[in-house]
Structure formats: C-alpha cells, structure tokens
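Dear colleague,

I am passing on the structure below for you to look over. My notes on what was found in it follow.

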Amino acid sequence: MNSEVLDALGPTGYLINIARGSVVDENALLDALQHKKIAGAGLDVFENEPNLNPAFLDLDNVLLTPYIGNATSETRIVMTNLAVDNLEAFFKQQPLPSEVNN
C-alpha cells in the first residue's frame, strides 16, 4: 500500500491493516492521514513492531490496537501445544521445536 493506492481510496476511504505491517508504506499512510487524503485507518500491525511510529498517536482519524489477529481458539491451542512441546523437549534434553537463538 503506497501513496498511489491511498490516493485511490480517496477522502471517504479507510485503510484496515490486520495482515503485516510491511504491506503498508507507513510514511505514505501518515501523510494521507495527516492531510485527510483518506478518512482514516485501523491498524493492528505496524512496520517496525514493537516500536510504533509515535506520529500515529497524534492523529484522531486512526484506531490502533495491539496485535490481536491471532486471538482465535485454534491459534491459541496451537500456541499452547508448541509451548508444551518445547518444555517436554527441554526436560528430555532434546532439541527444542522452536528454539530462539540470541
């Protein structure tokens, strides 16, 4: 989503992003919101998560939510099962299914 797409939305259009922060050019979005080129935006994801661009906080035509797109029963069950799998592997001194390297 770049300035051309945002211009096509027009002054009555809204951008809703629950996909990935990287699909929206945040600078273009901020310009569109600040200059009322679009009516508003609803954002559940951000380009530089977890660091939100503070310019969004000054706008009254944007709704910001913490990432809740994964808040389904199915996803939470998979997340819980993965945590249990990692704990079991750790205590059995086996490779972790989703090890995070520092």
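**Backbone and strand notes**

Lys36 lies in the loop between helix H2 (26-34) and strand S2 (40-43), where helices (H or I, at least four residues) and strands (E, at least two) are DSSP runs, numbered from the N terminus. This is a predicted model, in which local features need pLDDT of at least 70 and side-chain atom pairs count only at pLDDT 80 or more, while totals for chains, interfaces and linings use all residues. Residues are numbered from 1 along each chain as its sequence is written, and side-chain values use heavy atoms, with hydrogens and water left out.

Most residues other than glycine have a negative phi. The phi of Lys36, however, is positive, near 55°, and this residue is partly exposed, with a relative accessible area of 49% (buried means under 20%, exposed over 50%, partly exposed in between, with a 1.4 Å probe and protein chains only). Gln93, in the segment after helix H3 (73-91), also has a positive phi near 55°, and Gln93 is exposed at a relative accessible area of 76%.

Turning to the strands, S1 and S2 pair in the parallel sense over four bridges, pairing being assigned if DSSP finds at least two bridges between two strands. Within this pairing, Leu15 stands opposite Ala41 in S2, and Leu15 belongs with Asn17 to the covered face of S1 (residues 14-17), whereas Tyr14 and Ile16 form the uncovered face. In a regular strand the side chains alternate between the two faces of the sheet. Finally, S1, H2 and S2 make a right-handed β-α-β unit, meaning that, with the strands pointing away from the viewer, the path from the first strand over the helix to the second runs clockwise.
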